[in-house]
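Visitor: Before we discuss terms, please put the structure up.
Guide: Here it is.

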Amino acid sequence: MTEENSTDHCGDANKAFTSSQGQLLVGDKKYTVRSLKMNGATMMFLGSAEPECLDEMAVAMQMPQDGQIIGTTILGAQSSITDSQRLAEQFTRRYGRQFFVSFNAQVDRMTAPLLEKQLNEYMRNNKDLFV
Amino acid sequence: MCISSVKTNGFNKQLSCKINGVETEIVFHAFANKWFLLITQYGRVPNMYSVQFDLKRNDGAPLAVQGPINHPQFHMSVPITITCNFGADRDETRSGVQFLVNRSKLNNCPHEFMIGLGIKELNGETLHEIAKVLDEVIA
């Protein structure tokens, strides 16, 4: 893993958003992860490196009353629980903050778990970029 | 190792600036099929709108049909369809989005775009300032 340590944001450090970009390799396929850390919420885009599309987006948050995790798909297929929604709910449960997730990768039953495992590893290793 | 690289600037443009004296965060990224734009003074995503152009841009249609025409005696907006995907759907926000499409490089978008627009005091002066910043953000 290589890291570039240049920070590229200006304004009030307490308020300014933090963004990052990383690449995951599953077999010979490349996936791009983009994250935007805001105040109390995180937005994440995951998609094939080329072409990088935006087709789906979901949001999940924890209800202040009972702590229940509520998620919904706001862009893309609404008929069933999307990968974006599932991941948004999972990250909200894990990190305790609102998550917007846009999952745009073409995966099958073989690559999906591998990609998810690498994404989890990436987030664990770079936790400060997400929360 | 599966992870090949990490960069600390994840989008085409991400900046923080003062709009009408209020700290404003702007994030822009051109995906292959959509542009993504977030303009917020609330420190988070206030809403999310999908904007589709009713006429395909740069498809040979004359400017008089595609818009915008910003002439003192004759004004024509870019025909768009705005859908609220998330957050409070307010008329002022929709008007703001239409204004920004008419008055900034947003109307160069080849496909459709998603925009989150969270401005504390939405008025003409603020929107003009945002349009000016957008012209620099969208290369």
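Guide: Helices (H or I, at least four residues) and strands (E, at least two) are DSSP runs, numbered from the N terminus. By that reading, the elements of chain B run β-β-β-β-β-α-β-β-β-α-β-α from the N terminus on, with three helices and nine strands. This is a predicted model, in which local features need pLDDT of at least 70 and side-chain atom pairs count only at pLDDT 80 or more, while totals for chains, interfaces and linings use all residues. Residues are numbered from 1 along each chain as its sequence is written, chains are lettered from A and ligands numbered from 1 in the order in which they are written, and side-chain values use heavy atoms, with hydrogens and water left out.

Visitor: Why is Thr82(A) called buried?
Guide: Buried means under 20% relative accessible area, exposed over 50%, and partly exposed in between (1.4 Å probe, protein chains only). Thr82(A) has a relative accessible area of 6%, so the term buried applies. Thr82(A) sits in the loop between strand E6 (69-75) and helix H1 (83-95) of chain A.

Visitor: Which residues is Thr82(A) in contact with, leaving aside its neighbours within four places in sequence?
Guide: Contact means heavy atoms within 4.5 Å. With those neighbours left aside, Thr82(A) is in contact with Glu56(A), Ala58(A), Thr73(A) and Ala77(A).

Visitor: What makes Gly67(A) partly exposed?
Guide: Its relative accessible area is 31%, which lies between the 20% and 50% limits, so Gly67(A) is partly exposed. Gly67(A) belongs to the loop between strand E5 (57-62) and E6 of chain A. Gly67(A) and Met44(A) are 22 Å apart in space, C-alpha to C-alpha, and 23 residues apart in sequence.

Visitor: How do you know that strand E3 of chain A is largely enclosed by the rest of the structure?
Guide: Seven of the nine residues of E3(A) (residues 29-37) are buried, so the strand is largely enclosed.

Visitor: What makes E3(A) a paired strand?
Guide: Two strands pair if DSSP finds at least two bridges between them. E3(A) has nine bridges to strand E2 (residues 18-26) of chain A, in the antiparallel sense, and seven to strand E4 (residues 41-48) of chain A, also antiparallel. Both counts meet the limit, so E3(A) pairs with E2(A) and with E4(A).

Visitor: What lies in the turns of the two hairpins?
Guide: Two residues separate E2(A) from E3(A), and Gly27(A) in that turn has a positive phi of about 65°. Three residues separate E3(A) from E4(A), where Gly40(A) in the turn has a positive phi of about 85°.

Visitor: What is the phi of Asn20(B), and where is the residue?
Guide: Asn20(B) has a positive phi of about 55° although it is not a glycine, and its place is in the loop between E2 and E3 of chain B. Most residues other than glycine have a negative phi, and most peptide bonds are trans. A cis peptide bond runs from Glu50(A) to Pro51(A), with omega near -15°; Pro51(A) is in the loop between E4 and E5 of chain A.

Visitor: How do you know that the buried residues of H3(B) line one face?
Guide: In H3(B), Thr126(B), Leu127(B), Ile130(B), Ala131(B), Val133(B), Leu134(B) and Val137(B) are buried. Seen down the axis, they fall within an arc of 165° (taken from the directions from the helix axis to the C-beta atoms), so they line one face of the helix. The face turned away from the buried side carries the exposed residues Glu125(B), Lys132(B) and Glu136(B). The buried residues pack against strand E2 (13-19), strand E3 (22-30), strand E4 (34-40) and helix H2 (91-103) of chain B.

Visitor: What makes a set of residues a nonpolar core?
Guide: The members are buried Ala, Val, Leu, Ile, Met, Phe, Trp, Tyr and Cys residues joined through side-chain atoms within 4.5 Å. The largest such core has 30 residues, and those with the most contacts inside it include Leu37(B), Leu106(B) and Ile115(B). H3(B) gives the most to this core, with six residues. Not counting residues up to four places away in sequence, Leu37(B) touches residues including Leu106(B), Ile115(B) and Leu134(B).
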